[in-house]
Amino acid sequence: MGWLFYTDRRVKTYADEKAEITRLCTFEGERRNTELVKAYKVGSTWYAAARVTNLDGTAVEDATYVTDPDGSITFGAVFLTRYDDGCWGYKDMEESAGPVESRAPLSLLALLSELKDPDSYAHAWRQRCQNWAAIPDYAEGDKIRLAAPVMLSDGSTCQIVTATHYRRGRQKRRCYRIEETGALVRLSKATLAGSELLSSAKGAASPVLAEFMAGQRE
């Protein structure tokens, strides 16, 4: 399915967007009812969990999802969104259609019904979401080994870096100090996938604190 834009510009705010996502995930057909369970916005993408029930109260039978104990199924949906000349638009995909965007929170994944096929597009999408959530949020001073060397704009590479920051005006911006050169570099979160913590800033106690703690143990 392609993009659909609202030329009447009725969607302008976060609340407007959420209300529209709720409307798009809530409808009643001849046999089934669908309702939004939860929706989260990450960047410009909305991730939604929608529950399907049969109007006659019988259990929902589906080729992709295992029926939940209450007879319903809950699937994941992805809504790509953007504004074009003030007009809000979206492109929606069900998780089994193989969406590329895969940053749904774990709390949303926990709401979804189990999948019948472990090799399905939906299973691969959920795994990518889990992999994204597993990327550590490193603290200032943490020393890190990246899963693979990263090519920089000057043609050099780096693999061992230390989390630090620089200031732009009043804002602190996360960056990383390269072990070999001491230069600072910005790295995307995706670059940190599979990285390893070599030493933790939190675990490195000051000499004064270490002496105090040693005295407490005597």
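Mentor: Strands (E, at least two residues) and helices (H or I, at least four) are DSSP runs, numbered from the N terminus. Two strands pair if DSSP finds at least two bridges between them. This is a predicted model, in which local features need pLDDT of at least 70, side-chain atom pairs count only at pLDDT 80 or more, and totals for chains, interfaces and linings use all residues. Residues are numbered from 1 along each chain as its sequence is written, and side-chain values use heavy atoms, with hydrogens and water left out.

Trainee: Which residue stands opposite Thr 45 in S4?
Mentor: Val 42 does. Strand S3 (residues 32-42) and strand S4 (residues 45-54) run antiparallel, joined by 10 bridges.

Trainee: What is the order of the strands in the open sheet?
Mentor: Strands of a sheet pair through backbone hydrogen bonds, either parallel or antiparallel. Here the 6 strands have antiparallel pairing and the order S1-S6-S5-S4-S3-S2. Strand S1 (4-5) and strand S2 (27-28) stand at the edges with a single partner strand each, so one side of each lacks a neighbour in the sheet.

Trainee: Which residues of H1 are buried?
Mentor: Buried means under 20% relative accessible area, exposed over 50%, partly exposed in between (1.4 Å probe, protein chains only). In H1 the buried residues are Glu 17, Glu 20 and Ile 21. Seen down the axis of H1, they fall within an arc of 100 degrees (taken from the directions from the helix axis to the C-beta atoms), so they line one face of the helix.

Trainee: Is Asp 119 buried or exposed?
Mentor: Asp 119 counts as exposed, because its relative accessibility is 70%. Asp 119 lies in the loop between helix H2 (106-109) and helix H3 (121-133).
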